[in-house]
Amino acid sequence: MKKNIYLYLLVFAVLFILFQYTNSKRYFTNMSKETEALVKERTKLRDSVKKLFFDKQDLMYFSLEHNDEALAYIDEFEFDNPQQYIADQLIATNTSKGDNPLVPYVGMEGTMKINKIKVLNHKWIICDFSDGSHWGELLLGYEINPDKSITFTLKDHLLYTRK
């Protein structure tokens, strides 16, 4: 009788070890597949981040904040944030009653107002304007006066047509 108990325990132990082996093998196989998928995804995300970084570098090329020569020209006025100051002065032209005086078009569905602004350097600004349904772009020149006021000059303009 004692002999049979040891035999049953041995068979039970072998079955238990066999079950643990197959279960752990399946677990490690699944984990290795999941790890490979995560490594591929991480590589893909790193490539995307690199591409976005280079795209951002290209977009910053024509920007006042990354143009040392233009910033040196503006430094004499001692602005904390020259780009923001210039943009604020330009947005202030929207407060006039009716259309913005810098926009050479009359609003058809509302008043023409300047929406988005990009200060290119110490002399030029590109901006977007709209009346709610019609829109266009302006190329403006600007000059900072000794009293820190800014004079804007319209260089070119474009109104998009609907098709």
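## Strands and hairpins

β2 and β3 pair in the antiparallel sense over seven bridges. Two strands count as paired if DSSP finds at least two bridges between them. Helices (H or I, at least four residues) and strands (E, at least two) are DSSP runs, numbered from the N terminus. This is a predicted model: local features need pLDDT of at least 70, side-chain atom pairs count only at pLDDT 80 or more, and totals for chains, interfaces and linings use all residues. Residues are numbered from 1 along each chain as its sequence is written, and side-chain values use heavy atoms, with hydrogens and water left out.

Four residues separate β2 from β3 in a hairpin. In that turn, G132 has a positive phi of about 110°. W124 stands opposite G141 in β3. β2 also pairs with strand β1 (residues 113–119), in the antiparallel sense and over six bridges. These two strands, β1 and β2, form a hairpin as well, with four residues between them. K113 has S130 in β2 as its bridge partner. K118 stands opposite I126 in β2.

I114 is found in strand β1. Is I114 buried or exposed? I114 counts as buried because its relative accessibility is 3%. The cut-offs are under 20% relative accessible area for buried, over 50% for exposed, and partly exposed in between (1.4 Å probe, protein chains only).

I114 touches L90, I91, T93, N94, N100, L102, V103, C127, D128, F129 and L138, not counting residues up to four places away in sequence. Contact here means heavy atoms within 4.5 Å. I114 and L158 are 44 residues apart in sequence and 13 Å apart in space, C-alpha to C-alpha.

## The loop between β2 and β3

S133 lies in the loop between β2 (124–130) and β3 (135–144). H134 has its place in that loop too. S133 counts as buried because its relative accessibility is 18%. H134 counts as buried at 14%.

The side chains of S133 and H134 make a polar contact (3.1 Å). A polar contact is a pair of N or O atoms within 3.5 Å; within protein, one must be able to donate a hydrogen and the other to accept it, and residues adjacent in sequence count only if both atoms are side-chain atoms. Leaving aside residues up to four places away in sequence, S133 touches E109 and R162. With neighbours within four places in sequence set aside, H134 is in contact with M108, E109, M112, F129 and R162.

## Salt bridges

How many salt bridges does the structure hold? There are two. A salt bridge is a side-chain nitrogen of Lys or Arg within 4 Å of a carboxyl oxygen of Asp or Glu. K51 and D55 form one of them, at 3.0 Å from N to O. K51 and D55 both lie in helix α1, four residues apart, about one turn of the helix. K51 is exposed, with a relative accessible area of 52%. D55 is partly exposed at 32%.

E143 forms a salt bridge with K123, the closest N and O atoms being 4.0 Å apart. E143 lies in strand β3 and K123 in the loop between β1 and β2, so the pair ties together parts that are 20 residues apart in sequence. E143 is partly exposed at 43% relative accessibility. K123 is partly exposed, with a relative accessible area of 28%.

## A nonpolar patch

L7, L10, V11, V14, L15, L18 and Y21 make a nonpolar surface patch of about 700 Å². Patches are made of residues with over 30% relative accessible area and no salt bridge: like charges are joined within 9 Å, nonpolar side chains (Val, Leu, Ile, Met, Phe, Trp, Tyr) within 5 Å. Accessible areas come from the Shrake-Rupley method with a 1.4 Å probe; for residues, only the protein chains shown count as cover. L10 is found in helix α1 (residues 2–60). L10 counts as exposed because its relative accessibility is 51%.

## Positive phi in two loops

Phi of E78 is near 55°, a positive value in a residue other than glycine. E78 has its place in the loop between α2 (68–74) and α3 (82–91). E78 counts as exposed, at 66% relative accessibility.

K148 is a residue other than glycine with a positive phi, near 70°. K148 is found in the loop between β3 and β4 (150–159). K148 is partly exposed, with a relative accessible area of 33%.
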